[in-house]
Amino acid sequence: MQTNPPVAERLAPAADPMLPVPYRVEGVRSETYDTATLEMRPLASPPLVFQPGQFNMLYLFGSGEVPISISGDPARPTSLVHTLRAVGTVTRGLCALRTGATVGIRGPFGTAWPMAEARGRDVVLVAGGIGLAPLRPAIYHLLANRAQYGRITILYGARSTQDMLFKKELERWRSRLDIEVQVTLDRASTDWQGQVGVVTQLVRRAGFYPPDTIAMTCGPEIMIRFAVRELLGRGVPDEQVFVSLERNMKCAVGFCGHCQFGSDFVCKDGPVFAYPRVETLFGLWEV
Ligand SMILES: Cc1cc2nc3c(=O)[nH]c(=O)nc-3n(C[C@H](O)[C@H](O)[C@H](O)COP(=O)(O)OP(=O)(O)OC[C@H]3O[C@@H](n4cnc5c(N)ncnc54)[C@H](O)[C@@H]3O)c2cc1C
Ligand code: FES
């Protein structure tokens, strides 16, 4: 009698970008009350090599598939790291997984932060909320190759101390003398002695040379819009400002048209775009 092979074998690594590859959850770290970081390893495939800014499709068996940026270190591809906020059925299910669970992974997909273009220049990262996760691989890369870049500025805004991601890492980065890290919270509270206000205000005071700066920004779209305005106001040329966009996705390979805007597909021409290319897409969720 013929029996079905186990899930791991049926989903063995394939060149087909539509076929999820099985990964085992090695650890789940709670970042905040609604956000968790999953660390995973492939069951049978080689490590997933990726560039900062790229994303994967995470398939929670029996529930659905969602696009999630990779938040781990690109120099350590053996461990696949994603940070997710539980907002709906699939992300809630993924955040609730335990060590040993199996997740289907397709990817990596999409464009990357312009790490090569930024070489030799000042770099400003502006992140809001969960937007720090897709920028974290870029931060790892910048720190690992510190000498190749000019001034590095990380500006991060969260709603409250309870919403802050990667608290210990932020502390470590803040203690370094070779980068500038500023954190601000939307709401003042007794457990916070730092700055209060929106992250976009920090752009005005940050130390970088605008004409020779590459800016990367990720977070809620309204935040991105104001961050871009501040960056342009400081004199950063618009083609040197990069944004990461989120749109509804299904295939992630430019086939289904879910994320299509005119001639651009957010899944394959993005999610990281130079600002002038997507200026008109802000506020437009689907066409
Ligand atoms: C390229 C890309 C990278 C992403 N990276 C990350 C990441 O690193 N971490 C992370 O937590 N999320 C990320 N997201 C968003 C994530 O894909 C969605 O939160 C997820 O698809 C929601 O699926 P769900 O089934 O859990 O919720 P659903 O049931 O689909 O939605 C629940 C609620 O959340 C809202 N929602 C759905 N998608 C989004 C969204 N993209 N932005 C805001 N609200 C939304 C819906 O309108 C609804 O109100 C990314 C999205 C894209 C396109
Ligand atoms: S998600 Fe299908 S075309 Fe982009």
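An oxygen atom of ligand 1 lies 2.4 Å from an N or O atom in the side chain of T91. The protein covers 68% of the 890 Å² of accessible area that ligand 1 has on its own; accessible areas come from the Shrake-Rupley method with a 1.4 Å probe. This is a predicted model, in which local features need pLDDT of at least 70 and side-chain atom pairs count only at pLDDT 80 or more, while totals for chains, interfaces and linings use all residues. Residues are numbered from 1 along each chain as its sequence is written, chains are lettered from A and ligands numbered from 1 in the order in which they are written, and side-chain values use heavy atoms, with hydrogens and water left out.

| Residue | Part of the residue | Atom of ligand 1 | Distance |
|---|---|---|---|
| P67 | backbone N or O atom | oxygen | 2.6 Å |
| S69 | polar backbone atom | nitrogen | 3.0 Å |
| T91 | side-chain N or O atom | oxygen | 2.4 Å |

Ligand 1 is surrounded by 19 residues, and the closest are P67, T83, R85, T91 and E246. A residue is counted as near if one of its heavy atoms lies within 4 Å of the molecule or strand in question. By class, this shell has eleven nonpolar, five polar and three charged residues. Here Ala, Val, Leu, Ile, Met, Phe, Trp, Tyr, Cys and Pro count as nonpolar, Asp, Glu, Lys and Arg as charged, and the others, Gly among them, as polar.

Where does ligand 1 sit? Ligand 1 is in the largest pocket; to sit there, more than half of its atoms must lie within 2 Å of the grid points of the pocket. The elements that give two or more residues to the shell are β4 (64–69), β5 (80–85) and α2 (89–95). Of these, β4 gives the most, with four residues. Helices (H or I, at least four residues) and strands (E, at least two) are DSSP runs, numbered from the N terminus.

A pocket is found on a 1 Å grid over the protein atoms alone, as an open set of points where a 1.4 Å probe fits, with protein on both sides within 12 Å along at least five of seven lines; lining residues have an atom within 4 Å of a point. The largest pocket has a volume of about 1,300 Å³. Its lining has 47 residues, and those closest to its centre are R85, I130, G219, P220 and E246. By class, 23 of the lining residues are nonpolar, 14 polar and ten charged.

The second largest pocket holds about 450 Å³ of space. Of its 18 lining residues, R29, E39, R136, Y140 and E169 are the closest to its centre. The lining has four nonpolar, four polar and ten charged residues. With four residues, α5 gives the most to this lining.

The peptide bond from G107 to P108 is cis, with omega near 0°, and P108 is in strand β6 (residues 102–109). Another cis peptide bond joins G270 and P271, with omega about 15°. F166, which is not a glycine, has a positive phi of about 50°.

Conventions:
Polar contact = N/O pair within 3.5 Å; in protein donor to acceptor, adjacent residues only side chain to side chain. Points joined across faces, edges and corners; volume = space filled by probe spheres on them.
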